[in-house]
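Here's a quick tour of a protein fold. Take a look at the structure first, then read on.

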Amino acid sequence: MKEDKPYVHSCKADRPRVRLVPSKITQAKNAGYVRDKFIDSQIELVSQTHIETCINRLTSSFPTRHSKSKFINQVAEWLKKEFENIGHTNVYFHSYTKSNFQLKNVICNKQGETDKVILICAHYDSRMKDREDAESSAPGADDNASGVAVVLETAHVLLQLDLYYSIQFALFSGEEQDLWGAEEYAHYVKGNNVDIHRVINLDMVGYPPLGQQIINIEREMGNTGSACNRVSSNDKDSETFARTMEEIASVYTNLTAIKGPIYGSDYCPFENRGYIVAGLYDEGQCNNPHYHSSDDLPSDLDMGYITSVAKLIVATILKEARSGGSSLK
């Protein structure tokens, strides 16, 4: 049999040069796997309309979401109200100060049977190519209104469900300024012994690479010289969790899962403290010509693709958290 040609990202940015190869799970799609009817019923509730509305409103309501702009805390207030409008009641700000800027992470807790937490996170700030440009229009549709919309839609679908693990939805500011918000929050949860069991990060999930339904599942691969992968004891469990997500992508979505390394996003401060992390990423830093520009607009995103990513997240949480799933014990 002719070997499938691996997908190799075209990124010229300073990312690890790692071949991204479709997993055997994806290549043997659906082989011997019995679909869970309950999961099927819940992922059908994921609404592309909700996702598109969220992205349109987030990108049009604020000229920029730069963390040093006058709008950043208005964005935080808006996001808190969005969680509350969904029906969540345990929503609050985790406030912090960096470089004399008073900033907020938005945290929403959904209590489960146990206090073990699966953290689902995304950053809500945006930027231009000049990282210090806090004035120019920076709609940030792919980077990262797309990830925010998936977090909010996941919170919507899971609202009324009883889960084994607690779920925490976190929207971070300051990601574009060296992971400010995530660093502060990871420090907080570690210092307060919050039992973070797994971290799933969504950073750019709206611009499918080369027009294909490919999703990069990022996991730990040992030290790659980035801001992540500084702890080796969690590599094996991260790989196991990524494989679970690959399987779910193959069975419950139309996405082709590609495995790559974690690198330079909000999971880094958690990985560096020993937590087990994974991320979803569309390779937009490499392939989206509107990356970090005023042209990063909703009109260039594939809303169906983002909806599939949301279904992957919902299915992952239901498979793993509904009954204390096998890969998370």
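Two strands count as a pair if DSSP finds at least two bridges between them. Helices (H or I, at least four residues) and strands (E, at least two) are DSSP runs, numbered from the N terminus. What you're looking at is a predicted model, where local features need pLDDT of at least 70, side-chain atom pairs count only at pLDDT 80 or more, and totals for chains, interfaces and linings use all residues. Residues are numbered from 1 along each chain as its sequence is written, and side-chain values use heavy atoms, with hydrogens and water left out.

**The sheet**
- Eight strands make an open, mixed sheet, in the order E1-E2-E4-E3-E5-E8-E6-E7.
- E1 (91–98) and E7 (256–261) sit at the edges with a single partner strand each, so one side of each has no neighbour in the sheet.
- From one strand to the next, the twist averages 25 degrees.
- E5 (residues 196–202) and E8 (residues 277–281) run parallel, joined by four bridges.
- Leucine 202 stands opposite leucine 280 in E8.

**Helices on the sheet**
- Axes here are lines fitted to C-alpha atoms (for helices, over the stretch in contact), and angles run from 0 to 180 degrees between N-to-C directions; contact means heavy atoms within 4.5 Å.
- H4 (residues 72–86) lies across E1, E2 (101–110) and E4 (166–172), at about 10 degrees to E2.
- H6 (residues 180–191) lies across E1, E2, E4 and E5, at about 110 degrees to E1.

**The whole chain**
- The protein chain has 10 helices and eight strands.
- Of its 329 residues, 61% are buried (under 20% relative accessible area, 1.4 Å probe, protein chains only).

Note on methods: Buried < 20%, exposed > 50% of the residue type's maximum accessible area, 1.4 Å probe, protein only.
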